[in-house]
Amino acid sequence: MDKNNYFLINISLLHRCGQKYYDKLLSDTNINASQVPFLILIYENEGISMQELAARGCFDKGTITKSIQKLEENGYVQSVPSFTDKRIRNLYTSEKAKNIIPQIYMIRKQWWERLTAGLDTSQQEQFSFLLNEISEKARTYNEADEKQSLPIFGIQKLTLLDYPSKMASTLFCGGCNMRCPFCHNKGLVFLDETMQKLDNDDILSFLRKRKNILEGVCISGGEPLLHDTLEPFLRILKSFGYSIKLDTNGSFPERLKDLIEKGLVDYVAMDIKNCISRYEETCGVSDFDVTPVKESVSYLMEHRIPYEFRTTLVKEFHDEKAIREIGKWLKGADHYYLQNFKNSSSVIQSGLHSFEPDELYAFKKILEETIQQVDIRGID
Ligand code: SF4
């Protein structure tokens, strides 16, 4: 066995034997070895958030969420919404945990003494130093790798509806520059701590295996064009032979043009939130500058690639006057979809209303005066 393999096996052996040791000595509690690092980090940093906890130990969100849930259920940890940002939860140890921590410190000390028995002080110091150095390198690599990945929080493995005439998968990127009150992807927009980022390697491996079955990949959001990591990700999908459909709110015309001109996007579905005069209230961002959105519209209407415009119609934001203005703005567009608003618990603002089918058909008729093809989605 070569020395690199010894290294991996030895690290794994240290980890597993340590876990067994802690589990044995903590058997009279309901804390297991994998929860110990979290408990100690919370105890030594009362009020730490889950994100900070994840960053400290390069833990993935899923592992942390499960461990913290268990520690909470067993009365060792309390999670409290942050005063400044309700999406963040701060973690504190309970009295029950505080009583047990000295015992955990003692177990840690005894285990270290067992491992280093026979080593003098300078050897121990040298070992600690080298381990820290190597761990820091691993952390740095991990952080760089994280930065290079596309923040995807959801996947629909098969869709026959999202990509016109193609069998596709849809990927949902997190984060958005808008806050549309009718948005039904609240989780992707606000990215609360329960949202778990999917591993890019897992997604790519799935798409590599399906490359002869699926024809396209839809990149949705959130707003995918927020992320610099989109381009390298699309390059990989293109190398598999996929057609790419991009869903966008049109806020980043330069990025949109760049990806299209590099041949990385084959179809665009762009949201038209409303007529220009009502954009700000409809996208939920005060002082919103519509100029970039207008630029994206003009660019797509140059017909470099197939595209569609689409609007989710909500009673509180749209009326005949707004529809007439949109018709003038998009005059000459290829294809425009009207989507009726659907209420659900994941909508950003509650209490919004959809239109009756006859109202939608009336809007369609108005838009057909200036747009080649207008269709309605979302009526039963
Ligand atoms: S509907 Fe609005 S807030 Fe929701 S993802 Fe799309 S652009 Fe962002």
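This is a predicted model: local features need pLDDT of at least 70, side-chain atom pairs count only at pLDDT 80 or more; totals for chains, interfaces and linings use all residues.
Let me begin with Y43, which lies in helix α2, residues 36-44, where helices are DSSP runs of H or I of at least four residues, strands are DSSP runs of E of at least two, and both are numbered from the N terminus. Residues are numbered from 1 along each chain as its sequence is written, and side-chain values use heavy atoms, with hydrogens and water left out.

Y43 has a relative accessibility of 30% and therefore counts as partly exposed; on this scale buried means under 20% relative accessible area, exposed over 50%, and partly exposed in between, with a 1.4 Å probe and protein chains only. Setting aside neighbours within four places in sequence, Y43 is in contact with T93, K98, I101 and Y105, contact meaning heavy atoms within 4.5 Å. Y43 and L91 are 48 residues apart in sequence, and their C-alpha atoms are 9.0 Å apart in space.

Now to the ligand. Which residues are around the ligand? They are C176, M178, R179, C180, C183, V189, G222, N249, D271 and K273, each with a heavy atom within 4 Å of the molecule. This shell divides into five nonpolar, two polar and three charged residues, where Ala, Val, Leu, Ile, Met, Phe, Trp, Tyr, Cys and Pro count as nonpolar, Asp, Glu, Lys and Arg as charged, and the others, Gly among them, as polar.

I348, in the loop between β10 and α14, is in contact with R179, C180, P181, C183, K186, V189 and F190, again leaving aside neighbours within four places in sequence. I348 counts as partly exposed because its relative accessibility is 24%. From I348 to I323 there are 25 residues in sequence and 23 Å in space, C-alpha to C-alpha.

In α8, residues 200-209, the buried residues are N200, I203, L204, F206 and L207. Seen down the axis of α8, they fall within an arc of 160°, so they line one face of the helix; the arc is that of the directions from the helix axis to the C-beta atoms. The face turned away from that buried side carries the exposed residues D201, D202 and K209, while the buried residues pack against β4, β5, β6 and α9.

In α14, residues 357-367, the buried residues are L360, F363, K364, I366 and L367. These cover an arc of only 160° around the axis, which puts them on the same side of α14, with D358 and K365 exposed on the other side. Their cover includes β9, α13, β10 and β11.

In α10, residues 253-261, P253, L256, L259 and I260 are buried, and these fall within an arc of 135° when seen down the axis, so they line one face of the helix. E254 and E261 are exposed on the face turned away from the buried side of α10. Among the elements covering the buried residues are α9, β7, β8 and α12. Just after α10, G263 takes a positive phi of about 75°.

Finally, S243 lies in strand β7, residues 243-248. Is S243 buried or exposed? S243 counts as buried, because its relative accessibility is 18%. Beyond its neighbours within four places in sequence, S243 is in contact with Y163, K166, E215, G216, V217, K238 and D266.
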